Amino acid sequence: MHLGVDSFVSSVTDPTTGHVVGASERMEHLLEEIELADRVGLYSFGIGEHHRSEYYDSAPQIILAAAAARTERIRLGSAVKVLSADDPVRVFQQFATLDLIAKGRIDLVVGRGSFTEAFPLFGLDLADYDSLFTEKLELLLQLRDQVEVTWSGRHRPPLVRQSVYPRPLQDPLPIWVGVGGTPESFARAGLLGLPLMIAIIGGEPRQFGPLVDLYRRAGAQAGHAPEKLQVGIHVFGYVAESTQAAADTIYPGWNEMFTKISAERGFRRPTREQFDATSGPDGAFFMGDPQTVADKIRRVSDQLGGVDRLSLQMTNPRLAHGDLLRGIELLGTEVAPLVAG
């Protein structure tokens with residue numbers, strides 16, 4: 001199993017000093033985090049896409065280009081690229097260019113996103129939530145697989161024998177489908193033979209087992225080889241010297257994030273008890289010392305019938321830069337060898 005880190009590039013207030021990290025400084029910190037992940041041997045680093053005041057990741061392609069120029073081995077990708085709100089032609093061109101800069105180290109993970117701010121921002125109708133993604137994914141795959149494309153749909157002007165350049169170094173460019181919890185999304189990814197990235201942000205990871213089985217059955221029935229049907233999971237968590245230290249370090253920022261989201265969506269205010277339960281052995285958060293996190297990774301992989309990739313999402317508005325660097329270091333130098341062993 002390959003381990004990596006995902007970031008939403010959260011704005012940060014240092015929990016010790018109260019210093020509000022500016023946007024430029026936060027970007028520099030982010031690039032240091034990616035460079036460290038590369039040095040300690042982690043497999044991948046992903047950048048999300050949001051259009052909200054608390055995140056700085058609205059243009060992930062630009063961040064990934066800067067990271068590509070400062071790293072050597074680590075794979076870089078989107079986590080996820082909100083394909084519904086963008087033009088597949090430009091997405092393909094940008095990620096193909098990134099792949100050239102990175103010398104074949106780019107993964108494009110596409111999805112619909114868990115926030116809806118991109119829809120009014122780009123003049124899209126939320127009622128088209130499903131059809132936008134389905135149609136744009138179809139076009140994106142055609143652009144990847146054919147140099148000259150003829151295509152028509154509802155949400156974009158048609159293409160008639162149109163060639164799209166540049167072509168990526170990887171042939172084909174890896175395109176993953178990011179999914180939440182709807183069976184239709186799992187089945188579609190399987191039918192298309194695309195690798196799957198599951199965002200597990202609540203509940204128990206083992207509950208996704210039947211959906212992963214559905215994905216694999218759909219892929220097999222469509223004639224896709226088992227090795228094409230890769231499964232990745234994107235999870236929230238943190239690694240520290242002890243499980244208590246990990247929880248105490250992450251909780252203040254988690255509480256801030258989810259209090260805001262709960263107020264927006266009409267949910268109940270989060271509690272420490274809820275956080276601790278979700279961080280437990282069967283919960284969605286991968287939190288603790290290296291051995292605890294490694295054991296949970298192996299256990300969840302077994303529950304899902306084998307996981308090819310795990311990305312630990314450590315975005316947190318109250319996590320000091322030094323603590324985040326330490327978490328990345330422990331993930332690469334201690335957790336990854338334990339999982340491999």
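Reply: Let us start with a term: a cavity is a set of grid points where a 1.4 Å probe fits but cannot get out. In this predicted model, a search of the whole structure finds two cavities of 30 Å³ or more.

Me: What makes the residues around the largest cavity count as its lining, and which lie nearest its centre?

Reply: Lining residues have an atom within 4 Å of a point of the cavity, and 14 residues line the largest cavity, with Asp6, Ser78, Val109, Arg309 and Ser311 lying nearest its centre. The volume of this largest cavity is about 100 Å³, and the largest share of its lining, four residues, is supplied by β3.

Me: What surrounds the second largest cavity, and which element gives the most to its lining?

Reply: The second largest cavity holds about 50 Å³ of space, and its lining includes Val5, Arg26, Phe45 and Ile328. β1 gives the most, with three residues, while α1 (23-39) and α11 (321-340) are among the elements that each supply at least two.

Me: Why is Phe186 called buried?

Reply: Buried means under 20% relative accessible area, and Phe186 has a relative accessible area of 0%, so Phe186 is buried. Phe186 is found in helix α6 (residues 183-192), and among the residues it touches beyond four places in sequence are Leu196, Ile198, Phe208 and Tyr215.

Me: Which residues touch the most other members of the largest nonpolar core?

Reply: Of its 90 residues, these are Phe45, Ile198 and Ile233. Beyond its neighbours within four places in sequence, Ile233 is in contact with residues including Ile198, Phe286 and Leu310.

Definitions and conventions. Residues are numbered from 1 along each chain as its sequence is written. This is a predicted model: local features need pLDDT of at least 70, side-chain atom pairs count only at pLDDT 80 or more; totals for chains, interfaces and linings use all residues. Side-chain values use heavy atoms; hydrogens and water are left out. A nonpolar core is a set of buried Ala, Val, Leu, Ile, Met, Phe, Trp, Tyr and Cys residues joined through side-chain atoms within 4.5 Å. Buried means under 20% relative accessible area, exposed over 50%, partly exposed in between (1.4 Å probe, protein chains only). Contact means heavy atoms within 4.5 Å. On a 1 Å grid over the protein atoms alone, a cavity is a set of points where a 1.4 Å probe fits but cannot get out, and a pocket is an open set with protein on both sides within 12 Å along at least five of seven lines; lining residues have an atom within 4 Å of a point. Grid points are joined across faces, edges and corners, and a volume is the space filled by probe spheres set on the points.
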